[in-house]
Amino acid sequence: MTENEPAIRVRGLRKTYGALTAVDGIDLDVHRGETFALLGPNGAGKSTTIEILEGYRTRTSGEVAVLGVDPARGDLDWKARLGIVLQSTAEAAQMTVREQLAHFAHFYPDPRPVDEVIEAVGLTAKAKTRIGKLSGGQRRRVDVALGIIGRPELVFLDEPTTGFDPEARREFWQLIERLKREGTTILLTTHYLDEAARLGDRAGVILGGRLVALGAIDELGGREARVPIVRWRDAAGVRHEQRTERPAELVAAVVAAIGGEPAELEVIRPSLEDVYLELVGAAAGAESEPEASEPPEPEASADPEASEPPEPEASADPEASDIEGVRA
Ligand SMILES: Nc1ncnc2c1ncn2[C@@H]1O[C@H](COP(=O)(O)OP(=O)(O)OP(=O)(O)O)[C@@H](O)[C@H]1O
């Protein structure tokens, strides 16, 4: 792959499981060295997308290149350039943390030192503990450690901090920031919007298998969505709310008008979470309305089944069950 080629290039990606369309025509580039957050509610199609990129799932149609390689044809050398943290991983319960990491380090040409990785995920005190005896959050840290032990160019993190306590999440953020500084490309899915905002350079929101918003973290949803809101209560007790690009000016004017401190004054800058919830809410509202762009209308055909045309590739799916393949 060339310098300018994105780390991940996706065009028209579709995935159906029998009659269900889980991914419905996604176009996406993730640039080298960037941290991209893929956001969306449960069942939106994030894991399906990520697992296709990792080579763990076949796609129904579309083009995909990950580090210049089609994941459907990725060999072990290609896999060794990736770091993968799946949503859940079955580790060897009988092995200690250090044994497990040392075992996986052997699969890679230039692994990170085992103890350095153990420290980076905050498991130094548990290095000699059997994995079966770790807490859920501690096991998740082992998953993350396994994902980065091979010094990957590109890391896939599928809900990496689920089950972490707040302190562990902060430590994890520091670890990701370190990977970013080293130039690692990161594709992250998370339900924690503060995490996406803190770590992500850009984000995409996926809903019903479609990418409905894409952009820099602080621009997602458009400029309008980010305009600060000023709220206060006037001397008569009436509540006011106003959106303005110049909140300080407005507050100064209100103070001057009231002749003192306004009651219950708040200046709010909508967060990524506010914008995300608005996007998801708007899409849910639009879904209940008829879509002009998506025929057929009832009168378009005499065929009662014409509203759900069977698609050639949507028939028997050989992998409609579980993830195939193993970690590199
Ligand atoms: N192996 C499978 N067989 C059949 N349907 C599947 C399979 N895997 C996922 N699906 C369906 O595809 C859709 C997308 O699922 P996916 O796991 O990609 O969503 P997600 O966005 O990752 O959700 P979550 O946030 O809950 O992890 C869902 O409706 C899910 O039920």
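Tutor: Let us begin with Arg151, which sits in the loop between helix H5 (136–148) and strand E6 (154–158). Please keep in mind that this is a predicted model.

Student: What is the phi of Arg151?

Tutor: Arg151 has a positive phi of about 50°, although it is not a glycine. Most residues other than glycine have a negative phi.

Student: How many C-beta neighbours does Arg151 have inside 10 Å?

Tutor: There are 18 inside 10 Å, so Arg151 counts as partly exposed.

Student: Now Leu67, please. Where is it found?

Tutor: Leu67 lies in the loop between strand E4 (61–66) and helix H2 (76–79). Its phi is near 50°, a positive value in a residue other than glycine.

Student: Is Leu67 buried or exposed, and why?

Tutor: Leu67 is buried, because 20 other C-beta atoms lie within 10 Å.

Student: Changing topic: which residues come nearest to the ligand?

Tutor: Of the 13 residues around the ligand, those that come nearest are Tyr17, Ala22, Asn42, Ser47 and Thr48.

Student: How do the residues of the shell divide into nonpolar, polar and charged?

Tutor: The shell around the ligand holds 5 nonpolar residues, 7 polar residues and 1 charged residue.

Conventions: Residues numbered from 1 in each chain as written. Predicted model: local features only at pLDDT ≥ 70, side-chain atom pairs only at ≥ 80, totals over all residues. Near = placed C-beta within 6 Å. Nonpolar A, V, L, I, M, F, W, Y, C, P; charged D, E, K, R; others polar. Helix = DSSP H or I, 4+ residues; strand = E, 2+ residues; numbered from the N terminus. Buried ≥ 20, exposed ≤ 12 C-beta atoms within 10 Å, placed from the backbone.
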